[in-house]
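Please read the following briefing alongside the sequence and the model. It takes up the ligand site and then a few individual residues.

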Amino acid sequence: MHRDTAILHAGYRDRESEGPFLYGPQFSSTYTAPGDPARHSLTYGRFQNPTWSAWEEALGVLEGGHAVAFASGMAAVAAVFGTTLKPGDAVVLPSDSYYTTRLLASSWLGAIGVDVRLAPTRDNAQAKALDGARLVWVETPTNPQLDVCSIRGLVDAARAKGVLVAVDNTTATAYLQQPLALGATYVVASDTKALTGHSDLVLGHVATADAERAAALRAWRTQHGSIPGPMEVWLAHRSLATLPLRLSQQCRSAQVLAEFLSSRSDVDAVFYPGVPSHPAHAIALEQMRGGFGPVVSFDLGTRERAERFLKSLAFVREATSFGGVHSTAERRARWGGDAIGEGFIRFSVGCEHTQDLMDDVARALVQRASPV
Ligand code: PLP
């Protein structure tokens, strides 16, 4: 069966079962469960929920492993940190990873005595910092600079030194990139982004091929209470069916946009793994399939030029986050925490018609030269 068809049916009830294809969200804090709790698969709302189970089954199909759903991408990140690291261990993080992941590592892990080492994503530089480490955290393409490293290369280097590998796959999603198949111990994602794609929920998940590691993640979720809401999970599952359609359109337009921006002399730099000028284009071609993701970053040089561009867009909204069906853009330096210029734009390509999107961007680029 083609992967797109498998995703469409993933986690749905089988065709022999009468009733809905997918049950609606189950809102239960407790379940009728007399006597020995071990006899029941459903007991208490923080322990189990049938809506999560269907979603996790679908995620398992997508990732090729056991999936555990969390309340947010950061809850998923924290669960991997918390179940793998203890005082005295060392973790290697990308110096250009999502800012909050670095912040969590320095504030929490640093405070409990974990050695937090940073190295750039570019040129697999993290491989040089692995000696004696317990975990290497990989993010590719990175948010927001879209740098790329070789997952297989880092997995091989980590395995040789007995280091676990976690890949934050948020920008690509499992549709475009499969870290577990490349040997990663864990794949982590913010499902707030392209995986669900409708800008209406916050969720995350972790997947692993190892059943014991999945059980440890589940126990962490139960004890820390980082559980997802059934309504969000049901919305996510409903949205998953269109993932191949959405992402194919988004990646097609993102590629056109990146090529267009690369051709313009008034754009200082373009960051997109799909263009040949990207320093790791060859690696991206090798480990991604079906496109290079919905995010295109570029630099307009100054804060003033970037703000004027954002103001001049007709339907692209100025908003943070990415991966949704509606295009958004923001001047990323407004948040701080990343080594980027004041004119750096992170543009998330939605499902609008490609020509409409290009017209909007082209008009805004020209207008930014004159007063708005
Ligand atoms: N990882 C990456 C790469 C992200 O971009 C984000 C959010 O932007 C997260 C993790 C955290 O996800 P969430 O906002 O769902 O907690």
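A polar contact is a pair of N or O atoms within 3.5 Å; within protein, one atom must be able to donate a hydrogen and the other to accept it, and residues adjacent in sequence count only if both atoms are side-chain atoms. A polar side-chain atom of lysine 193 lies 2.8 Å from an oxygen atom of the ligand. The model is predicted, local features need pLDDT of at least 70, side-chain atom pairs count only at pLDDT 80 or more, and totals for chains, interfaces and linings use all residues. Residues are numbered from 1 along each chain as its sequence is written, and side-chain values use heavy atoms, with hydrogens and water left out.

**Ligand site**

- The ligand is surrounded by 13 residues, counted where a heavy atom of the residue lies within 4 Å of the molecule, and the closest are Asn143, Asp168, Ser190, Thr192 and Lys193.
- An N or O atom in the side chain of threonine 192 is 2.6 Å from an oxygen atom of the ligand, while a polar backbone atom of glycine 73 is 2.9 Å from an oxygen atom of the ligand.
- Of the 390 Å² of accessible area that the ligand has on its own, the protein covers 90%, with areas taken from the Shrake-Rupley method with a 1.4 Å probe.

**Serine 239**

- Serine 239 belongs to helix α8, residues 230–240, where a helix is a DSSP run of H or I with at least four residues, numbered from the N terminus.
- Serine 239 counts as buried because its relative accessible area is 8%, given that buried means under 20%, exposed over 50% and partly exposed in between (1.4 Å probe, protein chains only).
- The side chain of serine 239 reaches the backbone oxygen of leucine 235 at 2.8 Å.
- Setting aside residues up to four places away in sequence, serine 239 touches Thr196, His198 and Arg246, contact meaning heavy atoms within 4.5 Å.

**Glutamine 249**

- Glutamine 249 lies in helix α9, residues 243–262, and is buried because its relative accessibility is 16%.
- The side chains of glutamine 249 and arginine 252 are joined by a polar contact of 3.2 Å.
- Beyond its neighbours within four places in sequence, glutamine 249 is in contact with Cys351, Glu352, His353 and Thr354.

**Phenylalanine 27**

- Phenylalanine 27 is in the loop between α1 (3–9) and α2 (50–63), and is exposed because its relative accessible area is 59%.
- Not counting residues up to four places away in sequence, phenylalanine 27 touches Pro230 and Met231.
- From C-alpha to C-alpha, phenylalanine 27 and tryptophan 52 are 11 Å apart in space and 25 residues apart in sequence.

How values were computed: Helix = DSSP H or I, 4+ residues; strand = E, 2+ residues; numbered from the N terminus.
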